[in-house]
Amino acid sequence: MCKNTLCIIPARGGSKRIERKNIKEFAGKPIIAYSIEAALKSGCFSKVMVSTDDEEIADVARRYGAEVPFMRSAETANDFATTADVLFEVLDKYAESGIEFDAICCLYATAPFVTSDRLREGHALLNEGNCSAAFTCVEYSYPIQRSLAINADGHIGMKYPEYAKSRSQDLDKSYHDAGQFYFTTVKALRECGSLWGPDTLPIILPELEVQDLDTLQDWALAELKYEYLHGQAQADAGGAVGNDADINVKFDTLPFEIELDNYRLKSYHLLDAGTSELMREERNREDVRMWSVNQDEISQSEHNAFVESLGSRDDLRYYAVFNSYDELVGSVNLKRTAPGHMDRGIWILQDRQGLGYASSILQSLYGWLAEHTDTKVIETIVKPDNKASMALECRLGAKERSRDNDMVHYELNL
């Protein structure tokens, strides 16, 4: 099972046929935004990153929610570098920081027809264990067995004359790469050196969702297709699809990383070993345990097993919180308890307490949850003698709902 999947969006700055192709406006926004938003919304990925050598592309990518943790090297940004070269560079860079992945998705920056559902389909094929790679393809619109060729004298004839009298419906279907995305396990990628090998399954797309973007005429045709598809979707939904669906990414499950205005939240299972152990030590502090529902110390083996489980859970997130200087400041945990309801916990590192971090982090996080998820109610449980936490809930606007078993239950409507 691919618990830890990385989405890599290659987007170098030196496009030749269409100038600034990867951030050229398409139907109202930079074309790369469609790939980023679909990847984030899918919930499939531990990280969604853009590999680029171009600062403007990097700025646009970050604006739409992707990470650009490092810039692409000159060696992988030239005209002779392959896509595999780019992918290996990204994986090696992450490995230098102690971050490994089970699988990757190479998602092209110029894929405005890609959807979160299609990405989930590809990810599911890998998770089911029936293949080591999967990618999008589309059927040729006419049988290639009936194709024509022009010889050196300028005369035209059948390329495969043996099929001259065959009916089109009797011929085998043929397919070509749709140029949207490719899923592969890291193991298979390193073994065969390419995005797909013999153990590959197709994700077959309708022709209406596929369009080459090599010329400005291609671009105009793609925008017409996009407008038709989305106009049809609105008609099918009775006109219920509004602009917010395009502007704000909505997550079905919480992502493993969240970028707030002044903070970055990162799932425990993505932390390097040293930071993970620090989180365990801080959690085991007496002043943290005394206010926790579970007051037992967490052993290293228990901690490691729990952290590993987080990569495959959809209902629970434990995040390490980093400030704008990339300094670790605390931890936030969220658990979905019912549709629209989220249970929340927080603690701050000992040397960061008293600086207003808890209130600042939660105010920013609550705004993000209200905008990007279906969360309507935040639930918290506080011991009645924990005056600091009760004061925090009051500052945030939470209301006491009930008391039982020496616990005060708060609710906050977002």
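**Exercise 1. The hairpin of S13 and S14**

Task: In this predicted model, how many residues lie between S13 and S14 in their hairpin, and which turn residue has a positive phi?

Solution. Step 1: Find the hairpin formed by S13 and S14; four residues lie between the two strands. Step 2: Look into the turn. Asp 326 has a positive phi there, of about 65 degrees. Step 3: Check the pairing. S13 and S14 run antiparallel and are joined by seven bridges. Step 4: Pick out one bridge. Ala 320 has Ser 331 in S14 as its partner.

**Exercise 2. The other neighbour of S13**

Task: How many bridges join strand S12 to strand S13, and what is the bridge partner of Arg 264?

Solution. Step 1: Locate S12 at residues 263-267 and S13 at residues 316-323. Step 2: Count the bridges. There are five, and the two strands run antiparallel. Step 3: Follow Arg 264 across to S13, where Phe 322 is its partner. S13 has eight residues and seven of them are buried, so the strand is largely enclosed by the rest of the structure.

**Exercise 3. The eight-stranded sheet**

Task: In what order do the eight strands of the open sheet stand?

Solution. Step 1: Read across the sheet: S11-S12-S13-S14-S15-S16-S18-S17, with mixed pairing. Step 2: Name the edges. Strand S11 (257-259) and S17 each pair on one side only. Helix H8 (residues 273-283) touches S13, strand S14 (328-338) and S15. The direction of H8 makes about 80 degrees with that of S14.

**Exercise 4. Two sides of helix H12**

Task: Which residues of helix H12 are buried, and why are they on the same side of H12?

Solution. Step 1: List the buried residues of H12 (residues 387-396). They are Met 390, Leu 392, Glu 393 and Leu 396. Step 2: Consider their directions. They cover an arc of only 155 degrees around the axis, and therefore sit on the same side of H12. Step 3: Recall the helix rule. An α-helix has 3.6 residues a turn, so residues three or four places apart point the same way. Step 4: Inspect the other side of H12. Lys 387, Ala 388, Cys 394 and Arg 395 are exposed there. Step 5: Ask what covers the buried residues. The cover includes strand S15 (341-348), helix H11 (357-372), strand S16 (377-382), strand S17 (399-404) and strand S18 (407-413). Step 6: Place the helix on its strands. H12 lies across S15, S16, S17 and S18, at about 160 degrees to S16. Step 7: Go past the end of the helix. Gly 397 follows H12 and has a positive phi, near 95 degrees.

**Exercise 5. The nonpolar cores**

Task: How many residues has the largest nonpolar core, and which have the most contacts inside it?

Solution. Step 1: Count the core: 70 residues. Step 2: Name those with the most contacts inside it: Ile 32, Val 50, Leu 107 and Leu 119. Step 3: Find the top contributor. H11 gives the most to this core, with eight residues. Step 4: Explore around Val 50. Leaving aside neighbours within four places in sequence, its contacts include Ile 9, Ile 32, Ile 57 and Val 68. Step 5: Look for another core. One of 18 residues lies apart, and Ile 8, Leu 87, Tyr 94 and Cys 106 are among them.

**Exercise 6. The cysteines**

Task: How many disulfides are there?

Solution. Step 1: Apply the cut-off: two cysteine sulfur atoms must be within 2.5 Å. Step 2: The count comes to zero. The nearest cysteine sulfur, that of Cys 105, is 8.2 Å away. Cys 44 is buried at a relative accessible area of 8%, whereas Cys 192 is partly exposed at 41%.

Methods: Residues are numbered from 1 along each chain as its sequence is written. This is a predicted model: local features need pLDDT of at least 70, side-chain atom pairs count only at pLDDT 80 or more; totals for chains, interfaces and linings use all residues. Side-chain values use heavy atoms; hydrogens and water are left out. Buried means under 20% relative accessible area, exposed over 50%, partly exposed in between (1.4 Å probe, protein chains only). The arc is that of the directions from the helix axis to the C-beta atoms. Contact means heavy atoms within 4.5 Å. Two strands pair if DSSP finds at least two bridges between them. Axes are lines fitted to C-alpha atoms, for helices over the stretch in contact, and angles run from 0 to 180 degrees between N-to-C directions. A nonpolar core is a set of buried Ala, Val, Leu, Ile, Met, Phe, Trp, Tyr and Cys residues joined through side-chain atoms within 4.5 Å.
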